[in-house]
Amino acid sequence: MHRYRHVMVGLACTDGDIGLIQYAAMVAHLGTASEVRFVHVLPSSAGPSAAHDHDRILAELQAEVQPQLCGLPETVQVSYDVLTGPLLDRLLAFVAEQQVDLLLVGHGTGSAGRRALARRLSMKAPCSVWMVPDDSQAAIRRILVPIDFSEHAADSLGVATSMARLSGQPECLALHVYFNEAVITYEGYDQVLRGQEEQAYRKFIAPINCQSAQVVPLFEEGANVAHVVGRVAERQGADLIVMATRGRSRSAAILLGSVTEEVIINTRVPLLVVKHFGARLGVLQALLDRRFRQKGDLHTD
């Protein structure tokens, strides 16, 4: 969590914004943020009224957000931006320009468009993305972290345990999903396989700084990892899932990008997709280069 100093919140100017703003305030109260930006994107087709719409919506954003930020630490700088352009491209470019560490977006479970936007942002943004379904409570009481023993999963667990400590929770849950690929097995084979997974977990957890939080391992067998994650989150009463964007191969009982994508599409629990730190610098540079070329083209014209 110490890496999440520059936070951006994408607002849609709909009724669902209030819950997202309250959730963002809760995140800011964890004490790591130095800046929180609230952003809305106007379509390029706004036309001649764009300037008027910009000023009006900026004023509306401030009026909507400020009452929800009571008690925010004075050290947190709050700002508001109304941008114009294609929604996904403009958000990605602004995230890169402002060197945002964490992007919070709404995740309407009843809206295919909002789910698609959240999915694309989580895969393409050069920062971690925190998706908040409508009607989510602004609280962190139980964190579930799907792990596959990869370096990416270690990053996710490090973030989750830091968050547990900051929110006053003594533990978080580490879920490993394994799959028996053998066509023929013998009696007791499941116990042997489970023992191998537990041994791998002990090696995985040993070097991780868990921030004094207790990590409770959970081992579940299943062919569809995303379905198991959803089932365990519901059974355990998790109110936050923290997972990485990619991991190892399926044969290692895994979390591929496709698994994370499926969880994004179906989850009704807030989901923090942690980017492997440093792994997205190529995307960041590409976005900045594109913005530079666009500005150069405009100047040439």
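Residues are numbered from 1 along each chain as its sequence is written, and side-chain values use heavy atoms, with hydrogens and water left out. Because the model is predicted, local features need pLDDT of at least 70 and side-chain atom pairs count only at pLDDT 80 or more, while totals for chains, interfaces and linings use all residues.

Side chains of opposite charge can pair when their charged atoms come close. The structure contains eight salt bridges, each defined as a side-chain nitrogen of Lys or Arg within 4 Å of a carboxyl oxygen of Asp or Glu.

One of them pairs aspartate 53 with arginine 56, at 3.4 Å from N to O. These two residues are separated by about one helical turn because they lie three residues apart in helix H2 (residues 50–65); helices are DSSP runs of H or I with at least four residues, numbered from the N terminus. Aspartate 53 has 15% relative accessibility and therefore counts as buried, a class set at under 20% relative accessible area, with exposed over 50% and partly exposed in between (1.4 Å probe, protein chains only). Arginine 56, at 35%, counts as partly exposed.

Another salt bridge joins the side chains of arginine 119 and glutamate 261, at 3.2 Å from N to O. This pair links distant parts of the chain, 142 residues apart: arginine 119 belongs to helix H4 (residues 112–124) and glutamate 261 to helix H8 (residues 257–266). Arginine 119 is partly exposed at 23% relative accessibility, and glutamate 261 is partly exposed at 25% relative accessible area.

Salt bridges with shared partners also connect Glu35, Arg37 and Asp81 into one network. Within it, the side chains of glutamate 35 and arginine 37 meet at 3.2 Å, N to O, and both residues are buried.
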